[in-house]
Amino acid sequence: MTYNEMWRQLAQVYGDGEAKAIARMVYEIRYGLSLSDILLGKDTQLTADHQAELKEITERLLQQEPVQYILGQTDFCGQAFLVNHHVLIPRPETAELCQWIIDDSTGGQSPCVLDIGTGSGCIAITLAAALPDAQVTAWDISDEALRVAAENAKRTDVNVSFKQVDVLNIPHSSFLTPHFSLIVSNPPYICNKERAYMESNVLEYEPHTALFVPDNDPLLFYRSIARYALTALKPGGWLYFEINPLYADSLREMLSVMSYSDIETKEDQFGKRRMMRAHKR
């Protein structure tokens, strides 16, 4: 199977532009062939085993399995992160949240950071790499996700302390003293009723525990994290969230009632209210 044959098959599902991008990713990551190599015809020189693998990959892609899971990695903030079905695929808007934090932290004191619901570790590891003097801790409820995150930290050569914690049942010992100068989270924030509007590649392959919250309590995780942050953040500390635009106003009101100040909402590159920060006095 050549590059042209592959993308033309995929175009039935993805359209020409996305199909070409996916095919290029497969050839580059799996077989080390750049677009220049493909133009020189090197995609026609793959072995029989590679051809059989390409056929299998194409069949999986036609079932809308994300290419990142098939290849086992994705790019995030210039780094290659391992991913599998136990973790969400890092999104561009999450990279924007990381950049906001980095911009706010550059030139200040070395932050002590907690990333809640770390998944692949993309936020914690990106912050640890960009802020080398920071002390970074990352929590997740999933032991499988923590294994992925720990391997990503090892590959990226950064120091992050990982711990298995259920944010809805945080151990009492964690509330004893203010410790962190910055807490960040990209928690589950999609209500079950929103499933009807979601792509099947997300619904069928990405971990639902990292995506969904009950329809009757969309702020479930934000509330638990914000309550914990009132104790865990040092005075003057900051709380950062990736958010569901549908509940931005409700979240802002909740944080205000909880006595957070300087609450700011930020749009992502698509013009959606996707990030929020709040200050602990």
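The points that follow refer to a predicted model.

1. Helix 1 against helix 2. Helix 1 covers residues 3–14 and helix 2 covers residues 16–31. Their axes are 8 Å apart, and the two helices pack at an angle of about 135 degrees. Angles over 145 degrees would count as roughly antiparallel, so helix 1 and helix 2 are oblique to each other. The crossing of helix 1 past helix 2 is right-handed.

2. Residues in that contact. Helix 1 contributes Y3, M6, W7, L10, A11 and Y14. From helix 2 come D16, E18, A19, K20, I22, A23, R24, V26 and Y27. Sorted by class, the contact of helix 1 with helix 2 holds 11 nonpolar and 4 charged residues, with no polar ones.

3. Helix 2 against helix 4. Helix 4 spans residues 48–62. The axes of helix 2 and helix 4 come within 12 Å and cross at roughly 140 degrees. Helix 2 and helix 4 are therefore oblique to each other. Helix 2 passes helix 4 with right-handed geometry.

4. Residues in the second contact. On the helix 2 side these are I22, V26, Y27, R30 and Y31, and they meet H50, E53, L54, I57 and L61 of helix 4. The class count for helix 2 with helix 4 is 7 nonpolar, 1 polar and 2 charged residues.

5. Helix 10 against helix 11. What angle do helix 10 and helix 11 make where they pack? The angle is about 25 degrees, with the axes 11 Å apart; helix 10 is formed by residues 220–232. Because angles under 35 degrees count as roughly parallel, helix 10 is described as roughly parallel to helix 11. The crossing of helix 10 past helix 11 is right-handed. Y222, R223 and A226 of helix 10 meet L251, M254 and L255 of helix 11. By class, that contact of helix 10 with helix 11 has 5 nonpolar residues, 1 charged residue and no polar residues.

6. Cysteines. How many disulfides does the structure hold? The number is 0. For C122, the nearest cysteine sulfur is that of C98, at 6.1 Å. A disulfide requires sulfur atoms within 2.5 Å, so C122 is in no disulfide. C122 is buried, its relative accessible area being 8%. C191 is buried as well, with a relative accessible area of 0%.

7. S259. This residue sits in the loop between helix 11 (248–257) and strand 10 (261–267). Phi of S259 is positive, about 80 degrees, although the residue is not a glycine. Is S259 buried or partly exposed? With a relative accessible area of 45%, S259 is partly exposed.

8. D262. A positive phi is also found at D262, near 50 degrees, and D262 is a residue other than glycine. D262 belongs to strand 10. Not counting residues up to four places away in sequence, D262 touches W238, R277, A278 and H279. D262 and K280 are 18 residues apart in sequence, and their C-alpha atoms are 8.7 Å apart in space.

9. G72. Where is G72 placed? G72 is in the loop between helix 5 (67–71) and strand 1 (73–76). Leaving aside neighbours within four places in sequence, G72 is in contact with F81, L82 and V83. I116 is 44 residues from G72 along the chain, and 23 Å separates their C-alpha atoms.

10. T156. Helix 8, residues 143–156, includes T156. T156 counts as buried, at 14% relative accessibility. Apart from neighbours within four places in sequence, T156 is in contact with Q79 and I125. The C-alpha atoms of T156 and M275 are separated by 25 Å, and the two residues are 119 residues apart along the chain.

Key. Residues are numbered from 1 along each chain as its sequence is written. This is a predicted model: local features need pLDDT of at least 70, side-chain atom pairs count only at pLDDT 80 or more; totals for chains, interfaces and linings use all residues. Side-chain values use heavy atoms; hydrogens and water are left out. Axes are lines fitted to C-alpha atoms, for helices over the stretch in contact, and angles run from 0 to 180 degrees between N-to-C directions. Helices (H or I, at least four residues) and strands (E, at least two) are DSSP runs, numbered from the N terminus. Angles under 35 degrees count as roughly parallel, over 145 as roughly antiparallel, 65 to 115 as roughly perpendicular and the rest as oblique. A crossing is left-handed if the near helix is turned anticlockwise from the far one by less than a right angle, and right-handed if clockwise. Contact means heavy atoms within 4.5 Å. Ala, Val, Leu, Ile, Met, Phe, Trp, Tyr, Cys and Pro count as nonpolar, Asp, Glu, Lys and Arg as charged, and the others, Gly among them, as polar. Buried means under 20% relative accessible area, exposed over 50%, partly exposed in between (1.4 Å probe, protein chains only).
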